[in-house]
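The exercises below are meant to be worked through with the sequence and the model side by side. Try each task before reading its solution.

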Amino acid sequence: MDRHEELKRQALRQLEQFEVLMRNGHFDYGNGFHGRVYLNPHQLFRHPSTIWRLAQDLLEILPGDLLEQTEVVAGPVMGGALLAHTLAGLLDGRRSLTHPPCSFAPFSGGGDHDFTLRDFYAREMAGKRVLLADDVRNTGKTFQRCAELVRQTGGTVLATVEIYDRCEPNVDLGVLNIALAEYRAPENYPTHECPLCKGGTPITRF
């Protein structure tokens with residue numbers, strides 16, 4: 001087993017150990033889909049050292065040319081933005097002092113995850129190469145919306161990265177996607193077709 005595969009296996013074990021990866025529930029992802037498995041971002045970010053270690057490992061498995069090209073790391077609030085901010089700082093720590101510093105940009109959340117980008121960050125992102133980060137990829141629709149906002153500024157999406165990937169995206173952005181941990185969770189259900197809702201199973205709260 002190579003170093004990258006070992007890091008991925010280790011990350012999945014840690015997510016379960018820290019009770020970040022929650023199984024056998026009934027979760028509303030807030031994007032029109034329900035499912036049985038959820039990555040609890042509150043638990044993930046409760047201790048800053050946890051996300052710092054996972055972000056370090058995520059950088060280890062990213063291609064060197066991707067890291068070299070990245071000018072901005074951006075992510076949706078809250079979890080994606082926290083991860084993006086951590087990645088941007090750690091990335092600068094790996095570069096020479098003469099390398100231009102990496103910028104950070106958060107996407108603000110609206111109703112039903114209709115994200116927006118403040119004018120300040122849009123101006124900073126214009127013409128830049130952007131790495132999109134999130135804590136978890138469920139359907140891929142959050143990345144899709146963020147990518148649209150990047151492209152509207154004139155920026156270029158290099159790739160998408162996340163701590164945990166359900167391996168069942170509903171959309172393909174046409175760029176490289178890299179996850180630190182992967183787990184093929186049970187099927188996502190459109191809210192109006194969710195069998196858990198129809199069976200009376202309450203939404204899992206935490």
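Two strands count as paired if DSSP finds at least two bridges between them; helices (H or I, at least four residues) and strands (E, at least two) are DSSP runs, numbered from the N terminus. The model is predicted, so local features need pLDDT of at least 70 and side-chain atom pairs count only at pLDDT 80 or more, while totals for chains, interfaces and linings use all residues. Residues are numbered from 1 along each chain as its sequence is written, and side-chain values use heavy atoms, with hydrogens and water left out.

**Exercise 1. Give the strand order of the five-strand sheet, and describe how helices α1 and α3 pack on it.**

The five strands form an open sheet in the order β6-β5-β7-β8-β9, with parallel pairing. Its edge strands are β6 and β9 (176-182), each of which pairs on one side only. From one strand to the next the twist averages 20 degrees, where angles run from 0 to 180 degrees between N-to-C directions and axes are lines fitted to C-alpha atoms, for helices over the stretch in contact. Helix α1 (residues 3-17) packs on this sheet and touches β8 (156-165) and β9, its direction making about 55 degrees with that of β9; contact means heavy atoms within 4.5 Å. Helix α3 also packs on the sheet, touching β8 and β9, but the angle between its direction and that of β9 is about 130 degrees.

**Exercise 2. Find the order and pairing sense of the three-strand sheet.**

This open sheet has the order β2-β3-β10, and its pairing is antiparallel. The edges are β2 (27-28) and β10 (189-190), each pairing on one side only. Between β3 (residues 33-35) and β10 there are two bridges, and F33 stands opposite P190 in β10.

**Exercise 3. How many salt bridges does the structure hold, and which parts of the chain does the pair R94 and E60 tie together?**

Side chains of opposite charge can pair when their charged atoms come close. Counting a salt bridge as a side-chain nitrogen of Lys or Arg within 4 Å of a carboxyl oxygen of Asp or Glu, the structure holds nine. In the pair R94 and E60, the closest N and O atoms are 3.2 Å apart. R94 lies in helix α5 and E60 in helix α3 (residues 48-61), so this pair ties together parts that are 34 residues apart in sequence. As for accessibility, buried means under 20% relative accessible area, exposed over 50%, and partly exposed in between (1.4 Å probe, protein chains only); R94, at 38%, is therefore partly exposed, and E60, at 37%, is partly exposed as well.

**Exercise 4. Which residues are linked with D114 in a network of salt bridges?**

D114 is linked with R145 and E148 in this network. The D114 and R145 side chains meet at 3.5 Å, N to O.
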